Amino acid sequence: MKILIIEDEKALGQSISDYLQAEAYTCELVADKHSALQRIESFDYDCILLDISLPDGNGLQVLKALRENNKTDGVIIISARDGIEDRIRGLQLGADDYLVKPFHLSELSARIAAVIRRRRFSGTSILEAAGLTVDTAARTVRVGNQPADLTRSEYDLLLYLLTNRNRVVSKHAIAEHLSGDGEGLFDNYDFIYAHMKNLKKKLIQAGWTDHIKAVYGMGYKLEAP
Amino acid sequence: MKLLNKTLQYYFWLSIVLLMVAIPVFYYVLQRIVLSNIDASLVATKTQLIPRLRVMEMEPEALQPQLDDGVTLEKAPRRPESDSLYTSDKYRLLTSYLVINQETYRLQIKSSLADHQRLIGSIIILQSVLLILLLTGLLLINQSLAKRIWKPFYQTLRKLRAYKVDDPAPLQLAPSGISEFGELNSAVEQLAERSRQSYLSQKEFAENASHELRTPLAVFQGKLEMLMQTTPLSEEQAALISELADASHRMTRLNKGLLLLTRIQNGQFPDTAAVFVRETARHLLAQYEPQIAQKGLKVEEDWLDELPVNMSPNLLEVLLGNLLSNAIRHNLPGGKIVVKGANGVLTVSNTGQAYPLQEDRIYQRFAKNSKDAESLGLGLEIVRKICDLYGFEVKYGWEKGMHNFQVIMKS
């Protein structure tokens, strides 16, 4: 799957690209509007990560050009601006998602996965990894043929770890992913531990071999061979 | 003391002194004038009498001529002296000596002073009344004039009191015909404009700085996450990365909080909707359930009023989120939270530290009352700024071990 990263901050673009490449994505990195327009004209991407403030213009113009050419590439705006008007304008122009800097790479990866899932045609809502079968349309999880009955939080947690499999996901990223905007009001990560314990228990009961590892109190990692 | 009264006071004392001095002086001067008048008329009477008395000289046998009241003519044993004028017992007397037929006569003409005294008295009274009337009139006129003249000053004062540096419009003062006030107004307007400009640029700076910080923060966080993926990773390295991640997380939160404050101050939440505090509070309490359960807190809700308000739903969520999360964060393990809504007042109470917070400090930026190092000290300032924006009033109280935060939403 091909991803175009349009980001003028090289160090950030490189981190994104490195992180995503571990996930069988092919990443291309451009740093200005001009080269971005050239790329989207010649190629199709599964997902485009678009920074709005570019040195030679507004990233939204790239989005406009894309929609004018009837391209259906998924677009996630990554921006330092988080005003409601900024979001609305981006989404009205046809962006699929809007992520405010600073963000966790694991969160970005989860959003990309979601955008790609939504844009793909039927039959592909099934995610298979690490001995688990997740139907992202029906939001169900099976271990082999054995269904596991998960709560909403547990399901979100599992899907998050699955889309970021084989990488360490920090507890901050998980907390933010699970509690949305409410995160930040608390600095207690014990609730993640509680969710994780329940999730593991339910999956193991359904016959799963535990692939989730705690990494030195830093975060968690789901290992899928 | 008001400036008006101060000047009036001086006028008043001056009037008293003037009255005290003027009335005796006036009396004295009047007395002198009256006396000299009487004397003149006595001398005139004498001058008129002399020819008539000369008749006696022509006809020695004739009887003394009929004399007016107050005029006496007697033979005097002494030799003639010069005329004399003196006052005796309410009369003014002119004594003159004349020689008729080798005999010395003493001519006395007297004039009653009583009438004149009365006249002087009346004049003095009239004069005093006039003076007093004049002075009081003067005072009254001065007062009303001063009030009118000072009106622009008071208007300026009123406007200055109401003026807030974050008002979108610059300070506009009514023009004044008086040059001093005109100068004052223009100086004040300039001052207000300067502080408004520096406030605006400070606000702009806060917003720009917050935005500009986001990209390096994103780089930092991204690199940190890449660092987490490196292998092999020792426990020591992981601990270091973990601490960096905590710091990065705090920076992000701080950045968000500052930006939110700036936004509220900039009035960038123009969207208002009819929302219910009860509904939002319940929704948030459900969302915080893991944290509440974690601390073993007991939540009591008491809603007599759904508390409908017209405000930005986002800000209501931020407002309640801050109050409720504070009540959770600063609570004791196994403590209690009471959320009450009645008569337009929302009260969030919680158990916590056993002494009251300093009310004058809790709304200040970064004033931390808690030992919780992660607490940003921005939460209550955000609460107050939101309340300011919608004209709500926020109050803190401490009673029987409970910390109470009240938001009065209806006045």
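## Loops, a parallel sheet and a helix contact

Pro102(A) sits in the loop that runs between β7 and α5 of chain A; helices (H or I, at least four residues) and strands (E, at least two) are DSSP runs numbered from the N terminus. A cis peptide bond, with omega about -5°, links Lys101(A) to Pro102(A). This is a predicted model, in which local features need pLDDT of at least 70 and side-chain atom pairs count only at pLDDT 80 or more, while totals for chains, interfaces and linings use all residues. Residues are numbered from 1 along each chain as its sequence is written, chains are lettered from A in the order in which they are written, and side-chain values use heavy atoms, leaving out hydrogens and water.

Most residues other than glycine have a negative phi, and most peptide bonds are trans.

| Site | Feature | Loop |
|---|---|---|
| Thr231(B)–Pro232(B) | cis, omega about -5° | Pro232(B): between α3 and α4 of chain B |
| Arg139(A) | positive phi, about 55° | between β9 (132–135) and β10 (140–143) of chain A |
| Asn166(A) | positive phi, about 65° | between α6 (152–163) and β12 (168–170) of chain A |

Arg139(A) counts as partly exposed because its relative accessibility is 43%, where buried means under 20% relative accessible area, exposed over 50% and partly exposed in between (1.4 Å probe, protein chains only). Asn166(A), at 39%, is likewise partly exposed.

Now to the sheet. Five strands of chain A make an open sheet, ordered β2-β1-β3-β6-β7, with parallel pairing; two strands pair if DSSP finds at least two bridges between them. At its edges are β2 and β7 (97–100) of chain A, each pairing on one side only. From one strand to the next, the twist averages 20°. Helix α1(A) packs on this sheet, touching β1, β2, β3 and β6 of chain A, and its direction makes about 170° with that of β2(A). Contact means heavy atoms within 4.5 Å, and angles run from 0 to 180 degrees between N-to-C directions, with axes fitted to C-alpha atoms (for helices, over the stretch in contact). Among the buried residues of α1(A) are Leu12(A), Ile16(A) and Leu20(A).

Between the chains, helix α7 (residues 171–179) of chain A packs against helix α4 (residues 235–265) of chain B at about 40°, their axes 10 Å apart. The two helices are therefore oblique, a class left over once angles under 35 degrees (roughly parallel), over 145 (roughly antiparallel) and 65 to 115 (roughly perpendicular) are set aside. Lys171(A), His172(A) and Glu176(A) meet Ser242(B), Ala245(B), Asp246(B) and His249(B) there.
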